[in-house]
Amino acid sequence: MCGMPQQTPVRGTPTRPSRPDASMSLLTNVMDHSLDDGYAEAAARKQAEGISGMPKTVRAKLGLAAGLVLAALVVTLGAAQARVAAPVVAKEREELIDRIERETAAADKLEGTIDELRGDVSARQREALRKGGGGDQGELVGILSGAVEVHGPGVKLVVNDAKDASWGGSGDARGTSGFSDTGRVRDRDMQRVVNGMWQSGAEAISINGQRLTALSAIRAAGDAILVDNKPLVPPYTVLAVGDGKKLSTRFQDSPDGLYLHALQENFGIRTAISVEGDVRLPAAPSVIVRTAEPRTEKGTS
């Protein structure tokens, strides 16, 4: 009897049984046997044992009914109270809005009164300078102190941030001074510009309409530049009264003018200077000296 020849496995090619992957088997088991089967089994066991989720005795049923009634009563009372309180809350809100509007109007009125009083004080100061300053000498004192408006030939210098400058960036190639972006104009930049203008022969200077005096301060508060505690926004327009051509040339050749040119070349800060035939500068808001006193003939030796 001859049978089929038995095949001998080829050496070097071991056979490997085909079985599903372990992870696939676990996933299939979880999908085929969900937790619902366990819940169903527990419910069937309770039913077989005669255990029910509902109360059996009359006392328990009454307790459940009382609990449901109490919960419904609490919800109903809460809704009714909210409905009753809604008009009261709306009325209080309207009263608060009206009060805010009244107080805001009163504050605006007071600010207007303050501005009028400041203007009156400035006018009286200018009049006192004119009468007690000795004619032309008084006018000169008023001009130098910033107490009077001035106009005449001069220059106009506009300084602006770089086009790609951002507020609140990171990194500072010019040192730490409160501004984090290298393309931003800083308070110390404007300080050098103003000092360079004075040194170059300017007789009166203003920045964005803010007249500078001997008491003026240029500072930084966060990312803003303050002139006499008033914030300015770029571009910064510097007007200076003086001999226009000489003032422009001297400033651009001065160390502060070269510093501004270096900022333009290295950090992209934009500048533009022009000679003007007539520039007008306002008077300073108020010139108050609290410490210095005039020297009199009686005090001289």
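A residue is called buried when its relative accessible area is under 20%, exposed when it is over 50%, and partly exposed in between (1.4 Å probe, protein chains only). Ala147 has 6% relative accessibility, so it counts as buried. Ala147 lies in the loop between helix H4 (136-145) and strand E1 (150-160). In sequence, Ala147 and Ala283 are 136 residues apart; in space, their C-alpha atoms are 5.3 Å apart.

This is a predicted model: local features need pLDDT of at least 70, side-chain atom pairs count only at pLDDT 80 or more, and totals for chains, interfaces and linings use all residues. Residues are numbered from 1 along each chain as its sequence is written, and side-chain values use heavy atoms, with hydrogens and water left out.

Now the whole protein. It has seven helices and eight strands. These are DSSP runs numbered from the N terminus: helices are H or I with at least four residues, strands are E with at least two. Of the 301 residues, 22% are buried. A contact means heavy atoms within 4.5 Å. Among contacts between residues at least 6 apart in sequence, 71% join residues at least 24 apart.

Strands of a sheet pair through backbone hydrogen bonds, either parallel or antiparallel. Here, two strands pair if DSSP finds at least two bridges between them. Five strands form an open sheet in the order E3-E2-E7-E1-E8, with antiparallel pairing. Strand E3 (210-211) and strand E8 (270-281) stand at the edges with a single partner strand each, so one side of each has no neighbour in the sheet. Strand E2 (residues 204-207) runs antiparallel to E3, joined by two bridges. Ser206 stands opposite Arg211 in E3.

Helix H5 (residues 187-199) touches E1, E2, strand E7 (236-241) and E8, and its direction makes about 160° with that of E2. Helix H6 (residues 244-253) touches E1, E7 and E8, and its direction makes about 150° with that of E8. Axes are lines fitted to C-alpha atoms, for helices over the stretch in contact; angles run from 0 to 180 degrees between N-to-C directions.

Four bridges join strand E4 (residues 218-221) to strand E5 (residues 224-227) in antiparallel fashion. Arg219 has Leu226 in E5 as its bridge partner. The E4 and E5 hairpin has two residues between the strands, and Gly222 takes a positive phi near 70°. E5 also pairs with strand E6 (residues 230-232), antiparallel, over three bridges. Val227 is partnered by Lys230 in E6. This hairpin too has two residues between its strands, and Asp228 in the turn has a positive phi of about 55°.
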